[in-house]
Amino acid sequence: MSQAVVPDTEPEPIRAVPLRRPGRWIAAAVILVLLALFLYGAATNEAYQWGTYGRYLFDTRILAGAAVTLELTVLAMALAIVLGTVLAVMRLSPNPVLRSTAWVYLWIFRGTPVYVQLVFWGLFPSLYRNIALGVPFGPQFFHLDVQNLQAAFAFAAIGLGLNEAAYMAEIVRAGINSVGEGQREASVALGMSWSQTMRRTVLPQAMRVIIPPTGNELIGMLKTTSLVTAIPLSTDLFGRARDIYGVNFQPIPLLMVTATWYLAITSVLMVGQFYLERYYSRGVSRQLTARQLKELADARAGVKQP
């Protein structure tokens with residue numbers, strides 16, 4: 001019985017011809033034409049008042065408002081991240097009191113609009129004119145006159161932070177649940193308590209899942225700061241632009257200036273989010289480049305040769 005003869009030489013590689021897709025080029029051409037028409041129409045439309053736009057783009061009042069907006073964003077997100085992490089851990093705690101407290105907090109702050117919450121923070125001095133801490137029917141150790149307290153910026157940061165903490169709690173909880181149960185069991189086997197397991201084992205690994213939505217929430221917080229007019233606070237970016245066009249009666253170019261600065265700051269935050277995600281994704285998935293794949297194939301071919 002004859003055996004099949006196996007050729008020593010490998011078959012020639014197949015030269016694949018890419019499939020032509022003219023629809024892509026047609027769609028791209030249509031989009032470019034529409035974009036060019038829109039840009040030309042906007043550039044020649046006198047209603048945009050580009051002269052006024054250029055005059056106020058780097059106005060000192062606009063720059064000061066952008067700085068206030070950044071401060072509000074950073075402070076509110078810092079409060080939200082810390083409080084949201086605490087609430088997420090409380091929701092996962094075996095203590096029913098902590099779980100119930102966290103659930104009620106999320107139910108209230110996620111179930112009511114942020115603008116309504118900011119209005120209440122603006123009315124806080126009317127609701128609580130004085131805050132005192134001490135022994136009931138005895139001496140007071142601390143007294144604060146809220147009625148005469150000029151703290152619109154602080155109320156805005158607290159209101160935004162408390163609202164965002166409810167959403168951050170769910171993000172952190174999802175990140176914690178993404179960590180395998182075996183990691184927790186191994187930590188418990190090493191003698192760690194529940195809090196130590198969360199702090200040393202679970203939360204560091206959950207950052208890979210937490211970072212992307214947190215970056216989105218940060219960008220959303222930047223734009224939500226425009227609602228602090230409900231406090232009222234008018235020193236932010238949108239508030240400054242509104243004060244200016246309330247005097248010169250030119251809202252369109254001032255709104256364009258505001259949108260430009262929001263877009264610029266958002267772009268910087270997106271770049272930072274990209275590098276932060278890449279840092280926490282180290283070792284999770286590695287994709288080799290074309291050069292590395294070629295070198296790996298050549299190395300394997302050299303090993304197979306006698």
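Biologist: Which residues of helix 10 are buried?

Modeller: In this predicted model, the buried residues of helix 10 are L237, G239, A241, I244 and Y245. The general idea is that an α-helix has 3.6 residues a turn, so residues three or four places apart point the same way.

Biologist: What span does helix 10 reach from its first C-alpha to its last, and what is expected?

Modeller: Helix 10 covers residues 237-248, twelve residues in all, and reaches 17 Å, close to the 16 Å expected at 1.5 Å a residue.

Biologist: What is to be read at the two ends of helix 10?

Modeller: At the start, a side-chain oxygen of D236 comes to within 3.5 Å of the backbone nitrogen of F238. Just after the helix, F249 takes a positive phi of about 55 degrees, although F249 is not a glycine. F249 belongs to the loop between helix 10 and helix 11.

Biologist: Is F249 buried or exposed?

Modeller: F249 counts as exposed because its relative accessibility is 71%, and the cut-off for that class is over 50%.

Biologist: Which other residue has a positive phi although it is not a glycine?

Modeller: Q49 has one, also of about 55 degrees. Its place is the loop between helix 1 and helix 2 (50-56). Q49 counts as partly exposed, with 28% relative accessibility.

Biologist: Where does a cis peptide bond occur?

Modeller: One joins I231 and P232, with omega at about 10 degrees. P232 lies in the loop between helix 9 (194-224) and helix 10.

Biologist: Which residues does T258 contact, leaving aside its neighbours within four places in sequence?

Modeller: With those neighbours left aside, T258 is in contact with L237, F238 and A241. T258 itself is part of helix 11 (residues 251-280), whereas L237 and A241 are among the buried residues of helix 10. T258 is buried as well, its relative accessible area being 3%.

Biologist: Let us turn to charged pairs. How many salt bridges does a search of the whole structure find?

Modeller: The search finds three. To read such a pair, one looks for a side-chain nitrogen of Lys or Arg within 4 Å of a carboxyl oxygen of Asp or Glu. One of the pairs is D59 with R61, where the closest N and O atoms are 3.0 Å apart. D59 counts as buried at 15% relative accessibility, while R61 is partly exposed at 39%.

Biologist: With which residue does E170 form a salt bridge at 2.9 Å?

Modeller: That partner is R91. E170 lies in helix 7 (residues 152-177) and R91 in helix 3 (residues 60-91), so the pair ties together parts that are 79 residues apart in sequence. E170 is buried, with a relative accessible area of 18%, and R91 is partly exposed, with 24%.

Biologist: How far apart are the closest N and O atoms of R173 and E170?

Modeller: They are 2.8 Å apart, and the two residues form a salt bridge. Both R173 and E170 lie in helix 7, three residues apart, which is about one turn of the helix. R173 counts as partly exposed, at 23% relative accessibility. Salt bridges that share partners join R91, E170 and R173 into one network.

Biologist: And on the surface, which residues form a nonpolar patch?

Modeller: The patch is formed by I26, V30, V33, L34 and L37, which together have about 490 Å² of accessible area. I26 is placed in helix 1 (residues 22-44). At 55% relative accessibility, I26 counts as exposed.

Biologist: Finally, how many helices and strands does the protein chain have?

Modeller: The chain has twelve helices and two strands. From the N terminus on, their order is α-α-α-α-α-α-β-β-α-α-α-α-α-α.

Biologist: What share of the residues counts as buried?

Modeller: Of the 306 residues of the protein chain, 29% count as buried. The chain exposes about 20800 Å², and carbon and sulfur atoms supply 65% of that area. Of the contacts with a separation of 6 or more, 70% come from residues 24 or more positions apart.

Technical notes:
Residues numbered from 1 in each chain as written. Predicted model: local features only at pLDDT ≥ 70, side-chain atom pairs only at ≥ 80, totals over all residues. Heavy atoms only, no water. Helix = DSSP H or I, 4+ residues; strand = E, 2+ residues; numbered from the N terminus. Buried < 20%, exposed > 50% of the residue type's maximum accessible area, 1.4 Å probe, protein only. Contact = heavy atoms within 4.5 Å. Patch = residues over 30% accessible without salt bridge, like charges linked within 9 Å, V, L, I, M, F, W, Y side chains within 5 Å. Areas by Shrake-Rupley, 256 points an atom, 1.4 Å probe, with all protein chains shown as cover. Expected span 1.5 Å × (residues − 1). Polar contact = N/O pair within 3.5 Å; in protein donor to acceptor, adjacent residues only side chain to side chain.
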